[in-house]
Amino acid sequence: MTGAPAAWLGLSWAPDPVYDIALARNLAAVLALGAGGCELRGRRAAALTLALAMVAVSAGFWSAALLRPYGLLVDSGVTRWAADTVVTARAGGTDILLAGEPGAMTPWRMAAERTSSDLVLAVPTLLPPIVLVASVLAIALLWPGRAASLAAMLWIAASTGPLDALRGVGLLDGIWRRPGRAIEWTAAVVMALGLSRLLRRWPRAAVIAVAIIMTAACLRGSPPRLGLLEAALHLTLDAHVWLVAGVAGLVIIRDPPAIVMAAGGALLVLASAVVPVFDTATASAFARLGLVLGAAPALEALAEGKRWVTAVAVSVALAGSYVAWWDPSRTDPVAKESLAPVPDGLAQATDWIAVHTDPGGVFIAHPDYAPAVAALGGRRVLRAPGYATAPDDERRRRLEQAVLDGNWPEALRSRYGIRYVLLAPGQFSERGLESPEQLAARGSFREIYASGKGLHVYELGEARR
Amino acid sequence: MNLFGADVRGLDVAAFLSSARLLFPLLALVWIAAGLKVRRAGWFLAGAVLANAYVWWETSWPLQRLYALGPSSDRLNNLAMTQAVAAGGPLLRTAQVGHLQFEPFWAALTAVLSGFDPARHLRLYAWYPLLTACGFALSLYAATRPRAGEPGWSAGERATIAGFVTLLSSAPMDWAGPYRVPWAMTFLLKPNHALGLLLAPWVVRAVAHAQRDRDRLMAGLLLHLLGWAFVIHMGALCVGLVAFAVLVSLWRRAEAARAWRDVLVAIGVNVLVVSPYLLLLFKGYHVFQSGARLQIPPGSPHLLEATTRTAALAVLAAGGAVVLFRRDRLGRVWCGLAVGALVLWLAYYPLHFLQQAKERDDVYYWLRVNLALCAAVGAWDLAGRLLARWRMATEETWRTAAVAVAALPFALPVWWDPSRMDLYFAGSLDPIPSRYTQVAARLAGDHHAVLAGDPYAARWMAALDGTRVLLAADFPAPRDWRARLEYASAAVCGQVADPLAAGAPWGVTHFIVTPAYLAECGVSLEQVQGLGPFRALEVARESDGNFVALFMLVPPRS
């Protein structure tokens, strides 16, 4: 059964977004102050550890609070992705959720085929803390700069600010919406910082490597997009203190890869406003990272050895950071709806389908439930209007009508592999079905499942003609 | 039509708001650059005032009705309370028969400003947010000016304070928090509360500069005026004054005796003069009523709301508070106000357990205003130090401009998006339902009418025209609320032979009914129309079938 993604982490409970969030935020604030305290004592490694714990608490809270994979049966794009992934893992083949419609084998589908579809479905939901922690560790461990750990802590605050979030290009808010992008970006950052370290004696080579990685990661642009003026305001106003401190720091340290990230990222953001081939949010994240790599040494220069200055900066940056106050239940309607579990009746029926029906058998289901049959039960469907439309949809629609009439052409039925019909009260009433039970009277249908919630599964027998 | 008489029915609201947000930073930068040429602090103050006006204009332009009229119960209530006075009713009475005013100063002021004309009051009300927001910035600038020969409080710093307090006391993600955006919730929604903010700087000034008994008396009288305007600000200011005296006792013992004398006299005079009003509040409102709703919201980390939610502002405020305390007496009073606001906020912890945590939102906004003031002083001080350290121009104009540019990204007009951040904006885009305006027009000018029937529709009439009503929805319930409810219900059901006579204790002359009210009473419109004592005056129907029907009561035929 596809339940709370946090179950994959071994959590048997989920935090309550209303009653537990205050505790989580208080804990995050304590960890942020603790990080500042460690910085004050000169224990930067300990400070970084506490900062990472703060990220895990703040972002992890919401990953754990979602009681269904982000957007499943809420957002059509996410649901379609989940359906394609799950049918690949459970029913095999290369068809998408629609029977007889082959689709590209994406990395997600391949991963589901080799591991577990439930795990793959859970991954995007669990990504926010993973992406942040991975990028923080990459900065701290791979960036050759002296203030790497400080930059890593500042990155937690700088990665997404409230102004970025309001403009729709915040890194944190985008992880759930574009998990593939988030993974690619994290990998690109790891590679760019790793190569910066490996090639530090050959700065030109490092610059070229970082530029290539960054440009490649920014290709294949997708929404959100900004206009040129808005992009310029994003790079300046939204970056505020990071812009000033970052530019000052980059002038001081003259670190070529960091400069390439800041300047190149900014150019790519501007370019993305004109040429949609570039991805605005990805480019923006690189630009911000470059600035943060400059801001850390600038802060150290400003502090002139007074540790209280960096300690205050770390505490304020972490405790007041967007991630510490992140509340997707208010800012993201899809996340808000994903806080509720999949309805019991539907979950029970699709669990039964997953266990008791032929993986190769195709379902006819009402558009309301077709995506659930695929995404939860792992069975392909004949039609799923609103999620996927086959080129021969009209023929499928006629076949669907014929099956519901109990009078189908056998050759066509077997061509699509239709074996089952899922029905709930009130569904297909436009096709003359007043109740699910009426179906049995229309042809050779055998009821193989009936739930207390009114869901019925029928298996097709011989047609009347 | 919007407030300015423009037809905005075809306006693309999203594009309009987006353009306004994009335009503001450019205008602000041009204004700041021009300020370097003009070299007058007044220029920057004007910029802060205009920025407030910009937010108000941006929010008001797309609206085809008064902001929040309908979507917000508070707005309807406040209009219903003040319209009763504007319509010529007694100063201490609201539209609900027998109900006492909560904020009589506001009711009197708005009635006078409207020339006792309810229609004009309705039109003018839309401008009060503008007046109070801009007025608060100007009030702060003027009330913090130093007396002749005294150092500190430069004009540039005071302009910075005016800008910070109005434009930076709200933060970009406040809309997702439990207390929403302070600027919108104070100035846009409750200009009556903002009136208290306008007065507060003058009370602070009066206390800080009090030297003779006459001055202290004047401070007390000003404080009492604040109480009539908005009693919570008066209470918060009293706590702040006590905090000032305590702080001075701890760290400036030589000044302690004078501080306590000034504070106690001011508060004492205030309590003496304002006590009738306090009695009125105790009498008319259930001040000590407790309940589960009167607790800190479970999802709100209470202490963090005041500190780390705006962490950078809080740190600047801490620095600014120290600077203020060290500066002069006026600074120490302002510092005391910030400390007092924080203490008041912390006091909600015990009140939470007593289920008495009332008016948290207003106290929160008060705290944010005081934090922003201290943060302005902290930012001004920090800018001075950094500019001096980097051997850059330390001239006041450059310092003011530097702080303005640094603060610009966080300024309200840069990120304000009412369609996303304001609960009442979307509901205010359409005109007031014609069924209400039609019936209100029928009632206009009849200041002797008292409406019974649907409390929701009755409140609309009170808000639109100042008509007095038997019961208004969401008003404090009168002692005889059950009798009023039963009377109205029985009359509509035809169970009262002479509703005019039976309603005489309250002066009921008219009835107003809606489909929901009739369904609640179990009768149809036709049945009511068939009742002898009910003479139909107006049945205003909408295209969706909704209606409001107005009846005049007449004596039954013998």
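**Notes on chains A and B**

1. In chain A, the C-alpha centres of domain 1 and domain 2 lie 41 Å apart. The domain assignment of chain A gives 5-338 as domain 1 and 344-460 as domain 2; such bounds come from an automatic or database domain assignment.

2. This is a predicted model: local features need pLDDT of at least 70, side-chain atom pairs count only at pLDDT 80 or more, and totals for chains, interfaces and linings use all residues. Residues are numbered from 1 along each chain as its sequence is written, while chains are lettered from A and ligands numbered from 1 in the order in which they are written.

3. Between the domains of chain A, 21 residues of domain 1 are in contact with 20 residues of domain 2 (contact: C-beta atoms, placed from the backbone, within 7 Å). On the domain 1 side, helix α3 (residues 76-91) of chain A supplies the largest share, ten residues. Helices (H or I, at least four residues) and strands (E, at least two) are DSSP runs, numbered from the N terminus. That side of domain 1 of chain A divides into twelve nonpolar, five polar and four charged residues. Here Ala, Val, Leu, Ile, Met, Phe, Trp, Tyr, Cys and Pro count as nonpolar, Asp, Glu, Lys and Arg as charged, and the others, Gly among them, as polar.

4. Chain A contains 22 helices and four strands. Its C-alpha trace spans about 90 × 45 × 40 Å along the principal axes. Of the 465 residues in chain A, 54% are buried (20 or more other C-beta atoms within 10 Å of the residue's own, with C-beta atoms placed from the backbone).

5. In chain B, the buried residues of α18 (residues 396-407) are B:R399, B:T400, B:A401, B:V403, B:A404 and B:A407. What covers them includes α1 (13-38), α2 (41-60), α7 (155-168) and α17 (360-389) of chain B.

6. Chain B has an open sheet of five strands, ordered β2-β1-β3-β5-β4, with mixed pairing (strands pair if DSSP finds at least two bridges between them). β2 (468-469) and β4 (534-541) of chain B stand at the edges with a single partner strand each, so one side of each is left without a neighbour in the sheet.

7. Strands β1 (residues 450-453) and β3 (residues 510-513) of chain B run parallel and are joined by three bridges. B:L451 stands opposite B:H510 in β3(B).

Terms used: Contact = placed C-beta atoms within 7 Å. Expected span 1.5 Å × (residues − 1). Buried ≥ 20, exposed ≤ 12 C-beta atoms within 10 Å, placed from the backbone.
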